[in-house]
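Please work through the exercises below with the sequence and the model side by side, trying each task before reading its solution.

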Amino acid sequence: MGVIVNKENTKNNELSRRIEADLRTKMSGSTGVTRGDAPDLVDDADYVKDTKKTGRFGWVWIVLIVLAILSVISIVLF
């Protein structure tokens with residue numbers, strides 16, 4: 001019984017390896033890029049087209065939000 005399971009596992013591994021190799025050749029043939037060179041296209045999306053990167057003083061907003069939360073907590077507790 002262990003031999004049958006092992007043979008089925010070998011067949012499945014061989015099939016999945018062949019499918020993966022076939023898909024990899026189709027992808028590299030159609031796009032011309034490899035897996036590591038593929039762009040993520042995040043900056044090309046419509047909803048980030050007119051946005052700016054966070055400036056170097058972005059940490060100030062985090063400090064202000066934390067101070068506001070602390071002040072609300074201190075007002076409620078005291």
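This is a predicted model: local features need pLDDT of at least 70, side-chain atom pairs count only at pLDDT 80 or more; totals for chains, interfaces and linings use all residues.

Residues are numbered from 1 along each chain as its sequence is written, and side-chain values use heavy atoms, with hydrogens and water left out.

**Exercise 1.** Describe the secondary structure and the surface of the protein.

Solution. Begin with the secondary structure, where helices (H or I, at least four residues) and strands (E, at least two) are DSSP runs, numbered from the N terminus; the protein has 2 helices and 0 strands. Next, take burial, where buried means under 20% relative accessible area, exposed over 50%, and partly exposed in between, with a 1.4 Å probe and protein chains only; of the 78 residues, 1% count as buried. Finally, the accessible surface, computed by the Shrake-Rupley method with a 1.4 Å probe, comes to about 7900 Å², and 64% of this belongs to carbon and sulfur atoms.

**Exercise 2.** Find how many salt bridges the model has, and work out where Glu14 and Arg17 lie.

Solution. A salt bridge is a side-chain nitrogen of Lys or Arg within 4 Å of a carboxyl oxygen of Asp or Glu, and by this rule there are 3. One of them joins the side chains of Glu14 and Arg17, at 2.6 Å from N to O. Both residues lie in helix H1, which covers residues 2-31, and they are 3 residues apart, about one turn of the helix. Glu14 is partly exposed at 36% relative accessible area, and Arg17 is also partly exposed, at 48%.

**Exercise 3.** Which residue forms a salt bridge with Lys26, and is Lys26 buried or exposed?

Solution. The partner of Lys26 is Asp22, with the closest N and O atoms 3.7 Å apart. Lys26 and Asp22 are separated by about one helical turn because they are 4 residues apart in helix H1. Lys26 is exposed, with a relative accessible area of 52%, whereas Asp22 counts as partly exposed at 38%.
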